[in-house]
Amino acid sequence: SVATGNTALQLSVQRDGGVFGNVTVFFDIFGAEQSRIHTDILPTQGSITFVQGQRVGTTNLNIVADDTPEVEEMFYVRLTQLSGGGRFNTSNVNTTITIRPHNNPHGVISFSSFSLLLRSFSEPAVGGTTNVPFSLARTDGLFGNVSVSWQVTGTKLSDVDKTSGVVYFPEGQSTASFSINILPDATPELRADFFVQLGSPTGGALLGSNVFSNFSVLPNDVPHGEFQLVPGSQAVVVNRSLANSGAPSGRYITVQVARSLGLVGDITVSVNVTFWETPSHQPASSAFFLLAPAGQSSASDTIPISSTFFFQPTSRFTMELSDVKVTGGATAPGNPPILGSNVRDTLTVTELDSNSVCSFSSNSLQLAINDSAPGGSPNIMATVMRTGLLGQVS
């Protein structure tokens, strides 16, 4: 048994019994495919001459190298004729030469160049799928039926319809393919990466160097979230305990924002608050920022109101969410946070929280005589009215 590759193989013939005279032994080589003999072994026939007294004769056969993938081949060397006397030992006039398989006769399997590209796919709509195709190439030899298995690993295997399989190559076939389907879901996600690896070839095939492929599912279902005001949760807040003690009262607007869908990343919400002194006056606006940390489904804050604003019962505040941005944590490029439909609310200051406007009533000045007092001295009684009931006034 020899390997191909310009290998010299020595053929030996033994001469038993008498050793008188010169004897020549002729041989030839044959096999299942006669045409292969002439390309794989040289020479294909010849002779060995024994001089008188010589018991062992030899000659060299050359196993020729080539680039053709071949399975194991067996050739037979047969002693055919004698000259100069003697006879053959008929039980031992044949021998075999086995050339071992070479140049990967059953093939080398790898991903084709198309499957080595980094590919990204959008998540399909509900009820649909997205097909991810893979192609394989079988190089070198194509002898026999072979197969190769594949395995998927990744960050979220529930996003694909199968995670393993086997691809078959019939004899003579150099290409094969398989596919994986991406499945839809309603879960907000960042990019999901998947890796596909070939392994476990059968039928004598080998694995090539390109046995890894990958693909990604792009961020989907608004992973950073949708933001809007919580209905009924915005209010004007006044610290009445301070107001009733005569000290300056703290005045605030409370803001509560709901975050739905995805909770990925730290999000800064821009809030514009517009103060209308009266419905007919131009507003004074201020911009504030509210932070919604990653994983948190709501955020709230209190926005101080300038002490220069004079509240009347008709005073109004308009609150509006104007922008949302990712400012920390994990990010999903191309899939920003969004604003919902409820991003605007208008608040009216109640009389209880309004600054006081004082004036005499229309019949505030009255002359009154206190009959019980000595001399019945007269008094003048004044009535003062106020709108806005916040705090004490004097």
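**Strands, cores and rings**

Q: New to this one, so where do I start: how do strand β3 and β5 pair?

A: Strand β3, residues 41-42, pairs with β5 in the antiparallel sense over 2 bridges, and I41 has I63 as its bridge partner in β5. Please keep in mind that this is a predicted model.

Q: And which residues of strand β1 and strand β5 pair?

A: Residues 7-14 of strand β1 and residues 56-63 of strand β5 pair over 8 bridges, in the antiparallel sense; within this pairing, S12 has T58 as its bridge partner in β5.

Q: Switching topic, how many residues has the largest nonpolar core?

A: That core has 25 residues, and those with the most contacts inside it are L136, F178, I180, V196 and F215. At least two of its residues come from each of several strands, including β8 (108-111), β10 (130-139) and β13 (175-182). Apart from it lies another core, of 23 residues, with V236, V255, L290 and L347 among them.

Q: What does F178 touch?

A: Leaving aside residues up to four places away in sequence, F178 touches F111, V132, P133, F134, L136, W150, V167 and V196.

Q: Why is the pair of W150 and F178 stacked?

A: Their ring centres are 4.5 Å apart and their planes lie at 10°, so the pair counts as stacked. W150 is in strand β11 and F178 in strand β13, 28 residues apart, so this pair links distant parts of the chain. Both W150 and F178 are buried.

Q: Where does the charged end of R119 sit?

A: It sits over the ring of F134, 4.9 Å from its centre, and R119 also lies over the face of F114, at 4.9 Å from that ring centre.

Note on methods
Residues numbered from 1 in each chain as written. Predicted model: local features only at pLDDT ≥ 70, side-chain atom pairs only at ≥ 80, totals over all residues. Heavy atoms only, no water. Core = buried A, V, L, I, M, F, W, Y, C linked by side-chain atoms within 4.5 Å. Buried < 20%, exposed > 50% of the residue type's maximum accessible area, 1.4 Å probe, protein only. Helix = DSSP H or I, 4+ residues; strand = E, 2+ residues; numbered from the N terminus. Contact = heavy atoms within 4.5 Å. Pairing = 2+ DSSP bridges. Phe/Tyr/Trp six-rings, centres within 6.5 Å; stacked < 30°, edge-to-face > 60°. Lys NZ or Arg CZ within 6 Å of the ring centre and 35° of its normal.
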